[in-house]
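Subject: Handover of a structure

Hello,

Please find the structure below, with notes on what turned up in it.

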Amino acid sequence: MTDDLNDDAINTDLLNADLLNTDILNPVEPFLRSDRIPHIWCPGCGIGTTVNSFARALIESKIDLGSLALVSGIGCTGRVAGYVKMDSFHTTHGRAIPFATGLKLANPKLNVVVYSGDGDLSAIGGNHLIHAARRNIDLKVICVNNLIYAMTGGQTAPTTPHHSTTSTNPYGVFESSFNLPHLVEAAGAVYVARWTTFHVRQLTRSINEAFQKKGFSFIEVISPCPTLYQRRNKMGDGLEAMKYYKEKSKIRHGAPTAEVGMTMTGEIIVGKFVDIERPDYQTMMRGQYQESLGERFVEQTEMVCS
Amino acid sequence: MKADPRGVLTGIHFMDGDHACCEGALAAGCRCAAGYPITPSTEVVERFASRVPTVGGTFIQMEDELAASITLQGMVWGGAKAFTVTSGPGFSLMMEHIGYAAMTETPCVFVDVQRGGPSTGLPTLPAQADMMQARWGSHGDYEVIALCPNSPQECFDLTIKAFNLAEEYRVPVMFMMDEVVGHMSEKVVIPAADQIEVVPRRHTHKSVEDYLPYGTNGDGVPEMAHAGEGYNFHVTGLTHDERGYPNMTLPIQDKLVRRLQSKILNAVDRITMFEAEQLEGADVVVVSYGITSRVAQRAIEAARKKGLKVGKFRLITAWPFPEKKIREIAAKVKAFVVPELNLGQMVREVERAANGQAKTYAVSHAGGGVHNPEDILKVIVEASR
Amino acid sequence: MAKGRVSIVVERCKACGFCVEFCPSHVLALSSAFNSKGYHPPHVVHPEKCSGCDLCGMYCPDFAICASKVDASGAPAKPGAKAEAVKGGKK
């Protein structure tokens with residue numbers, strides 16, 4: 001890093017208020033719980049970058065923030081819920097999706113986002129992931145995949161590439177890893193995309209597209225974990241990972257998801273893989289009740305409990 | 001507030017406890033449920049699945065109890081009253097989320113129609129062996145309220161009470177049925193909706209700027225908001241401060257966890273429900289709950305016919321345990337006799353509360369059936385000596 | 001006159017280097033100064049080259065930097081209308 005330091009005319013005057021240009025408002029700031037920033041994520045961690053892309057998607061999509069709820073699980077990405085200024089729920093490990101399902105069923109007007117990590121969503125949460133996709137529950141799932149269990153110190157996740165080193169596979173991972181887009185497509189998701197934290201603009205666009213869609217949307221974002229995955233595998237820091245994403249990503253929209261599995265050092269296929277139409281769970285539920293019950297069917301009105 | 005008539009099946013019915021419990025939930029204003037099938041509880045949600053599309057609400061059968069127990073909490077934060085229903089093995093799976101409900105102060109009801117255990121045990125036969133689990137099943141320090149109906153009528157009435165207590169104290173309430181009460185059919189009178197008192201959600205009226213999601217009011221119970229109302233609140237299972245923000249420090253932990261405990265324990269007198277009979281001048285008091293209380297009644301009457309002075313104390317709320325009441329009684333009687341369909345659970349609480357002032361006799365039963373009244377009578381006689 | 005201007009919240013920076021790397025105009029470099037956490041925040045070494053594209057802002061994981069297009073006088077272009085609207089909520 002020291003190579004990057006420009007020594008010309010450097011002094012602490014740089015930190016003066018006049019030079020901070022506080023008349024420029026960060027467009028993302030209103031979406032953050034500023035009283036809790038700086039956040040806990042490591043230097044070079046990509047989660048914050050995904051939150052940036054997410055916030056910009058909220059701006060572009062003009063979504064009514066009052067109708068938005070964000071649900072996360074446990075893990076580094078799970079902490080996103082605590083940093084965004086909206087109705088947010090930091091739930092239990094693996095169970096963000098069923099909690100989000102409950103929110104959506106009780107109040108169908110809500111736009112419910114699930115924002116969680118690869119371990120949380122595909123290991124302990126795997127069962128809920130596939131069933132929600134099967135049912136096509138109207139959820140927008142952002143899965144930040146840093147290929148590891150970061151929060152707890154770098155253990156193997158179902159997404160950790162074969163041959164990499166983790167704290168619970170100190171001699172190298174000998175399992176195959178999940179190809180999440182393939183898994184989720186097979187389970188029934190109507191929108192499946194993968195980007196990396198390098199693809200900030202495309203990620204914003206994908207999140208925006210997911211907001212326009214009804215049904216189970218899944219966006220995987222490959223993100224660096226410099227402290228654990230990168231360091232243990234001698235892959236440099238967060239910036240090195242970002243350069244790797246830039247160099248080794250190939251955008252292939254519509255690629256068959258069976259072909260987008262990741263390896264430790266291979267290319268990363270990114271893009272929008274699946275974008276289909278299928279009635280969502282609530283549409284099918286109401287349709288079935290209308291058909292079976294006819295006039296006896298009573299629509300769920302706003303929950304009146306107070 | 002009065003019950004919403006759309007959910008009240010007013011009339012005189014002949015139904016079993018499981019079905020009555022479902023009607024109680026609907027009468028209480030519950031319009032959402034998430035469940036997973038498990039004998040002998042399944043009928044509760046089967047009926048709910050059948051009833052709720054004609055009343056206006058949602059039932060979803062989730063992929064497992066882990067999901068059901070948290071989906072119902074999402075339903076609550078989305079604005080509904082919600083519950084789930086299970087038995088032993090499912091109850092065990094739900095424990096993490098019972099703790100989450102306690103920590104986040106999510107008002108909801110967990111129905112456990114107890115069956116023989118441990119493990120898969122006796123799926124179609126009764127037991128009362130989850131009573132301690134109802135209180136201590138999740139990790140950490142927290143309080144719950146637990147109710148024990150002993151008839152289908154009580155399955156209706158007390159389910160409404162369970163929802164009311166959940167809303168009043170923002171706490172998960174354990175509804176501890178057993179397989180016999182769940183599967184026995186008796187007369188159930190469901191009154192008109194305007195005869196049914198229902199406690200509404202303690203929703204805040206504060207502005208967005210002033211609202212604190214976990215700000216304590218006088219009684220230690222915070223006001224609630226729902227997702228989608230513009231409050232931009234945060235809920236977490238991490239130790240949190242009044243803003244709901246994670247604050248994992250010793251003073252905040254102390255303040256929070258003690259408040260979760262005190263909001264219930266300070267209200268023990270208001271929460272406690274029991275049925276007492278002939279405590280005055282009693283030598284022996286039989287403490288029982290659920291189906292066992294029906295069998296114990298036979299034994300008590302037989303003992304009184306023998307000339308013994310036997311009082312009855314039926315726990316309707318098992319948790320928080322009515323320590324003070326038991327201690328008062330203990331000062332005046334020779335002994336307690338505690339029949340349960342387990343190898344000794346609530347008897348430990350009775351003994352603890354009695355504090356040596358009276359003897360305590362357990363009448364244990366490994367489960368799978370109800371006691372023989374003679375077995376309870378035998379112990380009453382022995383305790384009276 | 002530069003088309004854009006950068007704003008840096010020094011205390012939030014963790015010196016990851018993304019902004020420096022991905023600025024298409026190479027406007028930034030990490031300074032040798034440091035913030036209270038000991039990180040070297042970036043500083044603007046070529047202000048005249050800033051186009052206000054805000055890629056730095058998009059990449060920053062710490063919400064520590066952003067850029068805005070500026071008009072001829074150097075004042076920032078109006079912030080997005082949505083950014084203002086978000087402050088609302090139920091009263």
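In chain A, V71(A) stands opposite F89(A), a residue of β2(A). This is a predicted model, in which local features need pLDDT of at least 70 and side-chain atom pairs count only at pLDDT 80 or more, while totals for chains, interfaces and linings use all residues. Residues are numbered from 1 along each chain as its sequence is written, and chains are lettered from A and ligands numbered from 1 in the order in which they are written.

Strands of chain A

Strands here are DSSP runs of E of at least two residues, helices are runs of H or I of at least four, and both are numbered from the N terminus. Two strands count as paired if DSSP finds at least two bridges between them. β1(A) and β2(A) run parallel and are joined by 4 bridges. A69(A) has D87(A) of β2(A) opposite it. β1(A) also pairs with strand β3 (residues 111-117) of chain A, in the parallel sense and over 4 bridges. There, L70(A) has V113(A) as its bridge partner.

A residue is called buried if 20 or more other C-beta atoms lie within 10 Å of its own, exposed if 12 or fewer do, and partly exposed in between, with C-beta atoms placed from the backbone. Strand β1 (residues 68-72) of chain A has 5 of its 5 residues buried, so it is largely enclosed by the rest of the structure. In a regular strand the side chains alternate between the two faces of the sheet. In β1(A), L68(A), L70(A) and S72(A) point one way and A69(A) and V71(A) the other way, all of them buried. β2(A) is likewise covered on both faces, with D87(A) and F89(A) buried on one side and S88(A) and H90(A) buried on the other.

Where chains A and B meet

Strand β2 (residues 87-90) of chain A also runs parallel to β10(B), and 3 bridges join them. In this pairing H90(A) is opposite T236(B). Contact means that the C-beta atoms of two residues, placed from the backbone, lie within 7 Å. By that rule, 47 residues of chain B are in contact with 41 residues of chain A. On the chain B side, β2 (32-35), β3 (58-61), α3 (65-77), α5 (95-104) and β10 (234-236) each supply at least two residues. α3(B) gives the largest share of that side, 9 residues. The residues of that side divide into 22 nonpolar, 18 polar and 7 charged; Ala, Val, Leu, Ile, Met, Phe, Trp, Tyr, Cys and Pro count as nonpolar, Asp, Glu, Lys and Arg as charged, and the others, Gly among them, as polar.

The domains of chain B

Chain B is assigned domain 1 (5-195) and domain 2 (275-384), with bounds that come from an automatic or database domain assignment. Their C-alpha centres lie 26 Å apart. Between them, 22 residues of domain 1 of chain B are in contact with 21 residues of domain 2 of chain B. The domain 1 side takes at least two residues from each of β6 (122-126), α6 (131-136), β7 (145-147), β8 (172-178) and α8 (179-183) of chain B. Its largest share, 4 residues, comes from α6(B). That side divides into 16 nonpolar, 3 polar and 3 charged residues.

Chain B also has an open sheet of 5 strands in the order β11-β13-β12-β15-β16, with mixed pairing. Its edge strands, each pairing on one side only, are β11 (274-277) and β16 (359-363) of chain B. Strand β15 (residues 335-339) of chain B pairs with β16(B) in the parallel sense over 5 bridges, and A335(B) has K359(B) as its bridge partner.

The largest nonpolar core

A nonpolar core is a set of buried Ala, Val, Leu, Ile, Met, Phe, Trp, Tyr and Cys residues joined through C-beta atoms within 7 Å. Which residues touch the most other members of the largest one? They are V71(A), I145(B), V173(B), V337(B) and I380(B), out of 244 residues. Helix α7 (residues 152-169) of chain B provides the largest share of this core, 9 residues. Domain 1 (5-195) and domain 2 (275-384) of chain B both give residues to this core, so it lies between them. Leaving aside neighbours within four places in sequence, V337(B) has contacts that include V284(B), V286(B), Y361(B) and I380(B).

Chain C

Chain C has 3 helices and 4 strands, which run β-α-β-β-α-β-α from the N terminus on. Of its 91 residues, 49% are buried.

Regards
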